[in-house]
Amino acid sequence: MTSKDNSKAALIDSLNGLLADTLALYVKTKNFHWHVRGPQFHDLHLLFDAQATEIFALTDVIAERVRKLGGKTLTSIGSIAARTTIKNQDDTGLDAMAMVRELFEDNTAYVATLKATKELAGEAGDNATDGIIDDWTDQAEERAWFLREILA
Ligand SMILES: [Fe+2]
């Protein structure tokens with residue numbers, strides 16, 4: 001393989017990891033939408049739903065970037081679980097502020113993953129991925145900001 005092929009393979013791999021994180025973060029955000037309780041129920045229930053909708057909208061775009069690059073993408077819940085860095089949270093009694101904190105941390109880590117993927121897009125000369133990641137980053141930073149302000 002040429003170094004160009006290597007760069008492209010690394011980018012495809014990173015995009016698939018990003019896709020796994022996106023799907024896992026979507027499920028966790030919905031999980032919190034479903035299970036949040038307490039005085040801030042109404043606001044958090046709505047915020048988590050809005051964030052989940054935004055996250056889900058990214059999934060198809062990321063998967064299709066992989067296909068446009070000639071790569072194969074994720075196929076199943078198993079392939080998502082094998083690739084994601086987002087930790088499971090199955091405690092349905094989690095305190096509302098602990099949910100906010102966990103999503104803040106996950107979205108902050110997600111921003112770092114986006115930046116790493118952008119680097120690889122640059123190395124692979126993939127201008128389309130390089131550009132579109134800026135929008136995904138802005139969205140993730142906005143989610144992290146909203147969550148951070150609740151914790152203040
Ligand atoms: Fe709902």
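I started with Tyr26 and its burial: with 20 C-beta neighbours inside 10 Å, Tyr26 counts as buried. My cut-offs are buried for 20 or more other C-beta atoms within 10 Å, exposed for 12 or fewer, and partly exposed in between, with C-beta atoms placed from the backbone. The model is predicted, so I noted that local features need pLDDT of at least 70, side-chain atom pairs count only at pLDDT 80 or more, and totals for chains, interfaces and linings use all residues. Residues are numbered from 1 along each chain as its sequence is written.

**Tyr26**

I placed Tyr26 in helix H1. Helices here are DSSP runs (H or I, at least four residues), numbered from the N terminus. Leaving out residues up to four places away in sequence, I found Tyr26 touching Ala52, Ile55, Phe56 and Thr59. Contact requires C-beta atoms, placed from the backbone, within 7 Å. I also checked Tyr26 against Thr129: they are 103 residues apart along the chain, and their C-alpha atoms are separated by 21 Å.

**H1 against H4**

I looked up the packing next. H1 and H4 pack at about 165°, with axes 9 Å apart. Axes are lines fitted to C-alpha atoms, for helices over the stretch in contact, and angles run from 0 to 180 degrees between N-to-C directions. That angle makes H1 roughly antiparallel to H4. The angle classes are roughly parallel under 35 degrees, roughly antiparallel over 145, roughly perpendicular from 65 to 115, and oblique for the rest. The crossing of H1 and H4 is left-handed. Left-handed means the near helix is turned anticlockwise from the far one by less than a right angle; clockwise is right-handed.

I listed some of the residues that meet. Among them are Leu11, Leu18, Leu25 and Phe32 in H1, and Met99, Leu103, Tyr110 and Leu114 in H4. By class, this contact of H1 with H4 has 13 nonpolar, 5 polar and 4 charged residues. Nonpolar covers Ala, Val, Leu, Ile, Met, Phe, Trp, Tyr, Cys and Pro; charged covers Asp, Glu, Lys and Arg; the others, Gly among them, are polar.

**H4**

I tested the length of H4. At 1.5 Å a residue, its 28 residues should span 40 Å, and the end C-alpha atoms are 41 Å apart, which agrees. The expected span is 1.5 Å times one less than the number of residues. Buried residues of H4 include Asp106, Asn107, Tyr110 and Lys118. The buried residues of H4 pack against H1 and H5. Just after H4, Gly125 takes a positive phi of about 70°.

**H4 against H5**

H4 and H5 pack at about 160°, with their axes 9 Å apart. That makes H4 roughly antiparallel to H5. H4 passes H5 in a left-handed crossing. I counted the classes too: the contact of H4 with H5 has 15 nonpolar, 6 polar and 6 charged residues.

**H5 and Leu151**

I ran the length check on H5 (residues 127–151). Its 25 residues should span 36 Å at 1.5 Å a residue, and the end C-alpha atoms are 37 Å apart, which agrees. Thr129, Ile133, Trp136, Ala140, Arg143 and Leu147 are the buried residues of H5. They pack against H1 (3–35), H2 (41–68) and H4 (96–123).

Leu151 also lies in H5. I found Leu151 exposed, with 9 other C-beta atoms within 10 Å. Beyond neighbours within four places in sequence, Leu151 is in contact with Met97, Val100, Arg101 and Phe104. Leu151 and Leu44 are 107 residues apart in sequence, yet 12 Å apart in space, C-alpha to C-alpha.

How values were computed
Helix = DSSP H or I, 4+ residues; strand = E, 2+ residues; numbered from the N terminus. Contact = placed C-beta atoms within 7 Å.
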